[in-house]
Amino acid sequence: MSVKDLYFSWGENEVLKGVDLSIKSNEVVSILGINGAGKSTLIKCLNTILKPKKGTIKIIANSEESDDVSLTDVSSLDLVALSRVMSYVPQSVRTSFSMDVFDVVLLGRKPHIKWRISDDDRSKVSETLRYLNLEDFAFRKFDQISGGERQRVIIAKAVAQDPNLFLFDEPTSDLDLKNQIQVMKCIKKLIKDSETPKSALIAIHDINIAARYSDKILLLDNGSVRAFGPPKEVLTEENIADVFSVKSSVELTDEGYIRVLVYDEI
Amino acid sequence: MDSISVKHIEKGKFQVIVILILAILTFLSSVFALGLGSSSNLDMLTVWEIVFYDIYLVLTNLDVVLRNLEYNLLPCIGIGTEECINRSLVYGIEFKGTTIQRSIIYDWRLPRIFTAIIGGIALAVAGALMQGCLGNPLVSPLTLGVASGAALGAALAIVLGFTILSVPELAIVANAFIFSLIVVAIIIQLGKISSISAESYILVGIAITFICGAVVSAMQYFASDAQLSQLAHWSFGSLSRPNMDNIILMALVLIALLPTAIRWSWDLNALSMAGDEFAISTGVNPNKLRKNILVVSALMTSIVIAFTGLIGFVGLAAPHMSRLIVGNDFRKLIPCSGIFGAFLMIFADTLGRTLFAPIVIPVGVMLSIIGGPFFLYLLLKRGA
């Protein structure tokens with residue numbers, strides 16, 4: 001996936017000012033930045049929920065006929081075709097009309113279904129439910145399970161959709177500590193285990209979780225890219241002070257991960 | 001095949017069977033309703049005898065029916081005066097029963113039951129569609145202001161004598177229909193605004209309701225007693241007005257619109273589950289879908305309401321009752337709501353015309369009186 005020179009504005013207010021980004025397959029990329037830096041906006045632009053003012057977004061769209069791996073411009077794809085190559089997981093999902101968890105995950109197969117549900121679709125759904133440890137919830141109502149479980153169900157729906165790119169908008173923001181780790185582990189596992197090329201782009205607030213589970217970090221500052229690269233290079237004390245206006249110390253753990261300790265605002 | 005998939009298939013089959021049972025029940029209750037009435041010279045068995053013997057006669061005399069049809073299709077014979085043969089299709093078949101008996105069954109009860117079935121299906125399906133595409137369980141076919149438009153049209157015809165169609169017996173109907181079409185046109189215009197949300201549609205609907213309501217109230221203020229009573233009668237909602245020609249028209253509109261609605265089932269599943277962003281990520285364009293669905297359901301509502309007057313409750317309750325049975329899968333919810341709507345209408349109407357016979361309580365009133373408490377009970381039971 002590659003993004004070139006992306007601009008977006010709400011009326012007069014410019015939110016994205018020329019974002020460049022490229023994601024390789026089997027890579028987890030986190031977007032960090034303060035509130036209003038444009039994290040969610042960037043993700044919504046990629047999924048064409050919002051229409052960018054300028055710039056190109058290209059993605060590998062392997063058509064069913066050939067194994068062609070050329071990059072396609074997302075604006076040339078219709079919504080159904082787009083939903084086969086990328087899947088967006090919203091920050092939180094509220095529902096007025098609840099469904100069984102199985103049926104929610106089955107909606108991920110929707111871009112592939114015309115009317116009848118095939119046996120393949122069903123087994124794909126139950127496979128996904130098992131993979132995310134949700135098989136006990138398969139026939140519970142979506143509004144009668146906990147927030148963490150609900151988040152996993154929505155991720156399961158995205159997995160069942162079988163896209164090349166996952167877009168997560170703050171997948172951990174409503175969750176407790178253990179659920180945060182479970183969800184991130186699950187995303188990481190999903191990307192690494194996959195035989196087909198898959199990658200994930202995650203908008204997130206927690207620096208340490210981002211550093212622990214992503215291959216690369218995109219640091220957004222006021223609508224433009226401040227730094228893009230592996231956590232060790234991006235998360236320096238200087239960058240954090242500039243972008244988040246907080247004092248911090250960055251250390252390397254024994255396992256080789258970055259750990260950021262935040263002290264006080266500057 | 002793994003156990004979860006098998007369970008899902010079984011659950012689906014069970015729901016289909018429940019829908020079929022409900023359909024059979026609805027059919028039986030309409031047969032029962034046909035036999036039920038306050039006439040002293042016509043009991044239930046006689047009705048069934050006449051009706052089933054008629055069906056038998058027509059089926060065994062199909063050649064006669066075809067010959068009559070052939071006569072009707074012949075060009076007019078132009079000798080002296082223009083003379084056309086216009087025969088009833090069953091001309092020449094000897095039927096049972098007295099003229100009065102046959103008139104009660106075929107001119108009075110049968111049109112009512114057909115109207116109940118068609119109206120019930122149309123209003124309930126429109127309700128299910130609107131609730132789904134606006135993501136709001138409080139919505140009914142009357143929310144968007146289609147019905148208020150119809151009421152305004154009817155009031156203009158009754159009070160001011162302003163009619164669009166000059167045929168007297170269709171004047172009120174045509175006015176009601178055309179004014180509700182104006183509301184549909186407003187909905188279409190709204191749909192062209194790219195950023196319009198579900199809430200905006202509802203708010204605009206409420207605004208339209210208030211505006212039309214105010215104009216109707218103003219007219220009521222100046223209306224004579226006779227006009228007031230006619231207007232009140234119109235707004236009660238009754239199944240006795242449409243004749244067979246009207247019913248065929250309603251049925252044709254319904255048959256034309258239903259398949260379109262059912263085709264959007266999967267898209268509606270995604271949209272009603274979790275709103276616009278979720279729908280987009282599943283490959284559905286929420287604005288386009290919402291506009292299309294609203295136009296289709298508003299058309300369904302307006303054609304029925306123009307003939308029957310205001311019947312609101314079935315469009316709110318039938319979809320919710322169906323959701324308790326089949327969940328929120330629109331592939332099953334649409335047919336199930338339709339059948340439930342027809343059932344509710346037949347039940348309420350039959351009760352309304354037999355309970356205090358010979359006084360007939362309008363179906364709209366009856367539906368709310370018996371349906372309301374039942375609906376409350378279902379909701380409270382589920383909430384507990």
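Two strands count as paired if DSSP finds at least two bridges between them. In this predicted model, strand 9 (residues 216-221) and strand 10 of chain A meet that requirement, as five bridges join them. The two run antiparallel. One of the bridges links A:Leu220 to A:Val225 in strand 10 of chain A.

**The sheet of chain A**

This pair belongs to an open sheet of six strands with mixed pairing, in the order 6-7-8-3-9-10. Strand 6 (86-89) and strand 10 (224-229) of chain A each have a single partner strand, so one side of each is left without a neighbour in the sheet. From one strand to the next, the twist averages 15°. Helix 5 (residues 147-160) of chain A lies across strand 6 and strand 7 (165-169) of chain A, and its direction is at about 170° to that of strand 6.

**The interface of chain B and chain A**

The size of an interface is often given as the accessible area lost when the parts come together. The table gives the values for this interface.

| Item | Value |
|---|---|
| Residues from chain B | 36 residues |
| Residues from chain A | 41 residues |
| Area buried | about 3300 Å² |
| Share from carbon and sulfur atoms | 69% |

On the side of chain B, B:His8, B:Trp266 and B:Met273 lose the most area to chain A, together 23% of what that side buries. The rule finds two salt bridges across the interface. In a salt bridge between B:Lys11 and A:Asp100, the N to O distance is 2.5 Å. There are also 11 residue pairs in polar contact. Helix 10 of chain B gives the largest share of the chain B side, 12 residues. That side divides into 12 nonpolar, 16 polar and eight charged residues.

How values were computed: Residues are numbered from 1 along each chain as its sequence is written. Chains are lettered from A and ligands numbered from 1 in the order in which they are written. This is a predicted model: local features need pLDDT of at least 70, side-chain atom pairs count only at pLDDT 80 or more; totals for chains, interfaces and linings use all residues. Side-chain values use heavy atoms; hydrogens and water are left out. Contact means heavy atoms within 4.5 Å. Buried area is the accessible area (1.4 Å probe) that two parts lose on being put together, summed over both. A salt bridge is a side-chain nitrogen of Lys or Arg within 4 Å of a carboxyl oxygen of Asp or Glu. A polar contact is a pair of N or O atoms within 3.5 Å; within protein, one must be able to donate a hydrogen and the other to accept it, and residues adjacent in sequence count only if both atoms are side-chain atoms. Helices (H or I, at least four residues) and strands (E, at least two) are DSSP runs, numbered from the N terminus. Ala, Val, Leu, Ile, Met, Phe, Trp, Tyr, Cys and Pro count as nonpolar, Asp, Glu, Lys and Arg as charged, and the others, Gly among them, as polar. Axes are lines fitted to C-alpha atoms, for helices over the stretch in contact, and angles run from 0 to 180 degrees between N-to-C directions.
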